[in-house]
Amino acid sequence: MVKPKTEAGGRMDATRDAALIHRMRDRDETALSELYDAYAGFVYSLARGIVRNDGDAEDITQELFFRVWERAGTFDPSRGSPAAWITTMTRRLAIDKTRSRSYQARAREASIDVVPATAAVDGTAAVLSAEANQVLDALNRLDEPYREVIRLSYYEGLSHSGIASRLGTPLGTVKSRLREGVVQLRKLLDIKT
Amino acid sequence: MDHKIAYELLDSYVFGILEEGERAAVEAHLNDGCTVCSARLREVSELSVRLAATVPQAEPPAHVKERLMARVGMTHHPARSRQRAEGASPGAWLRVAWGTAAVAVAAAGFLLWQTTALRRQVEETNRLLAATTENTNRMQNEVASLRGELDKYRHAPVLGEPGVRFVSLDGMEPNRQAFGNVVTRPDKSAGMLYVYRFPMAPEDKEYQLWGLRDGKPPISLGMFSVNTDGTAMLNMETIPAGEEIVGFSVTIEPRGGMPEPTGMMYVKGMDPMEEDGG
């Protein structure tokens with residue numbers, strides 16, 4: 001698998017990153033600093049794509065790495081790579097943010113949504129990396145119903161019910177389309193564990 | 001949670017779009033050790049990482065890391081965490097600011113008080129030093145004066161000294177109440193006059209002591225004034241050598257003295273040893 005390039009210019013390295021997380025168990029701040037340098041751009045960009053504004057993305061970035069620091073002892077390599085662990089936590093933080101009352105209030109006042117949700121479906125992928133373009137190519141090869149559910153769930157962070165409401169589609173259909181879309185995408189990207 | 005349900009929700013779990021209840025149920029199922037779900041979890045997680053690369057990349061501001069490391073430092077180093085925590089919140093900053101101001105005011109007040117107290121101490125010390133210096137000078141002057149007086153009496157005879165001559169002076173009319181004594185060394189080289197019940201002399205007058213000589217005019221042995229109590233003492237420092245003094249008398253004379261007695265005689269006495277031919 002081609003390793004995604006992080007914002008800081010470094011590449012994700014499961015072995016190195018797991019070692020950094022392990023060192024954090026011993027309260028090694030330099031390990032946190034190194035991991036931050038490797039993932040900060042990745043985390044910030046991912047969060048920013050969901051919350052659509054810089055301030056919230058900054059808060060989430062800080063909170064994410066703080067949680068990594070605090071929960072380093074709970075990291076389980078058998079459940080996935082450090083990058084996967086970080087990605088899942090980042091997404092959860094960002095989506096929880098969009099579901100907060102304060103965020104919803106600001107959304108109604110149109111004070112957010114200033115950042116494009118994703119380059120993948122907005123056609124603004126000109127500066128994306130080769131890895132990103134490969135993923136976008138795979139997404140575009142999905143049938144529209146699957147691609148749309150993945151877009152709404154992954155890039156906009158909508159819940160099952162939210163997607164169903166947005167598309168006017170039954171909840172069960174949303175779940176099945178998401179599940180099938182993920183399976184097809186994994187095959188297209190040749191993702192195996 | 002049922003395995004089938006958990007399995008079907010894994011994609012949404014990784015994407016982070018489950019509601020809190022479903023999320024907790026999936027995690028509980030994973031924690032139960034379902035290997036099938038764990039394997040799928042890894043696959044979907046890796047897909048999630050790949051999808052994340054399609055998001056427009058941006059760099060977080062530098063202060064994000066600074067705040068993160070400071071926050072970690074707070075939890076990692078409790079001793080310094082309080083300082084950082086206080087530095088992190090506006091309320092804490094205010095407390096620190098007010099605290100600092102209060103300390104500054106207190107310090108300024110203390111310094112002012114201390115300076116004033118020290119200044120007063122210095123002034124008091126200077127005053128005491130001046131007083132002490134003045135007192136010391138006065139005492140030194142007194143000592144010098146007493147030494148001078150003592151020096152004057154260094155040749156005076158001491159009662160009890162072997163061979164001391166004693167001459168009583170009796171009052172003469174109209175001052176019969178006056179009397180005196182003269183004490184001299186055996187060779188009459190020095191002596192002391194003591195007088196009592198003498199009247200105060202007019203300002204232009206003084207009392208003059210005379211050494212009475214046999215067949216010769218009296219010889220002046222000194223001038224003196226009397227105290228308010230009518231007493232006086234005169235040190236006869238040096239009696240001219242070779243003079244045969246047979247008695248003493250005191251007359252009142254113009255200030256500065258006369259070469260020979262001209263005024264009223266107040267007391268007179270003869271040396272009994274001389275009178276006895278000894």
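Which residues does B:Leu10 touch, not counting residues up to four places away in sequence? They are B:Val26, B:Cys37, B:Arg40, B:Leu41 and B:Val44. This is a predicted model. In it, 60 residues of chain A are in contact with 39 residues of chain B. Chain A has 10 helices and zero strands, while chain B contains an open sheet of eight strands with antiparallel pairing.

**Chain A overall**

- Read along the sequence, chain A follows the pattern α-α-α-α-α-α-α-α-α-α.
- Of the 193 residues in chain A, 44% are buried.
- Where residues of chain A at least 6 apart in sequence are in contact, 66% of those contacts join residues at least 24 apart.

**The side of chain A that touches chain B**

- The contact between the chains involves 60 residues of chain A and 39 residues of chain B. On the chain A side, at least two residues each come from helix H2 (29-51), helix H3 (54-70), helix H4 (82-99), helix H6 (119-122), helix H7 (130-141), helix H8 (144-155) and helix H10 (171-189).
- H2(A) gives the most to this side, with 12 residues.
- By residue class, the side of chain A that touches chain B divides into 28 nonpolar, 19 polar and 13 charged residues.

**Nonpolar cores**

- The largest nonpolar core has 71 residues, of which A:Val43, A:Ala47 and B:Leu10 touch the most other members. H2(A) gives the most to this core, with 14 residues.
- A second, separate core has 21 residues, including B:Val195, B:Tyr207, B:Leu221 and B:Leu234.
- As background, nonpolar side chains in soluble globular proteins tend to be buried together.

- A:Ala47 is found in helix H2 of chain A.
- A:Ala47 has 30 other C-beta atoms within 10 Å; because 20 or more count as buried, this residue is buried.
- Beyond its neighbours within four places in sequence, A:Ala47 is in contact with A:Ala57, A:Ile60, A:Thr61, A:Thr90, A:Leu93 and A:Ala94.
- A:Ala47 and A:Arg91 are 44 residues apart in sequence, yet their C-alpha atoms are 6.6 Å apart in space.

- H4(A) has 18 residues and reaches 26 Å from its first C-alpha to its last, close to the 26 Å expected at 1.5 Å a residue.
- Because 14 of the 18 residues of H4(A) are buried, this helix is largely enclosed by the rest of the structure.
- The 12 residues of H8(A) should span 16 Å at 1.5 Å a residue, and the 15 Å between its end C-alpha atoms agrees with this.
- Nine of the 12 residues of H8(A) are buried, so this helix too is largely enclosed by the rest of the structure. The buried residues are A:Tyr146, A:Arg147, A:Val149, A:Ile150, A:Arg151, A:Leu152, A:Ser153, A:Tyr154 and A:Tyr155.
- After H8(A) comes A:Gly157, whose phi is positive, near 70°.

**The sheet of chain B**

- The strand order of the eight-stranded open sheet is E5-E4-E7-E8-E1-E2-E3-E6. Strand E5 (216-224) and strand E6 (232-236) stand at the edges with a single partner strand each, so one side of each is left without a neighbour in the sheet.
- Neighbouring strands of this sheet are turned by 20° against each other on average, direction ignored.
- Strand E4 (residues 205-213) of chain B runs antiparallel to E5(B) and is joined to it by six bridges. In this part of the sheet, B:Trp210 stands opposite B:Ser220 in E5(B).

- The covered face of strand E3 (residues 191-196) of chain B has B:Gly191, B:Leu193 and B:Val195, whereas the uncovered face has B:Met192, B:Tyr194 and B:Tyr196.
- In general, the side chains of a regular strand alternate between the two faces of the sheet.
- Strand E2 (residues 179-184) of chain B is joined to E3(B) by six bridges, the two running antiparallel. B:Asn181 stands opposite B:Tyr194 in E3(B).
- E2(B) and E3(B) form a hairpin with six residues between them, and B:Lys188 in the turn has a positive phi of about 60°.
- E3(B) and E6(B) also run antiparallel, joined by five bridges. The bridge partner of B:Gly191 in E6(B) is B:Met236.

Definitions and conventions. Residues numbered from 1 in each chain as written. Chains lettered and ligands numbered in written order. Predicted model: local features only at pLDDT ≥ 70, side-chain atom pairs only at ≥ 80, totals over all residues. Contact = placed C-beta atoms within 7 Å. Helix = DSSP H or I, 4+ residues; strand = E, 2+ residues; numbered from the N terminus. Nonpolar A, V, L, I, M, F, W, Y, C, P; charged D, E, K, R; others polar. Pairing = 2+ DSSP bridges. Axes fitted to C-alpha atoms, helices over the stretch in contact; angles between N-to-C directions. Expected span 1.5 Å × (residues − 1). Core = buried A, V, L, I, M, F, W, Y, C linked by C-beta atoms within 7 Å.
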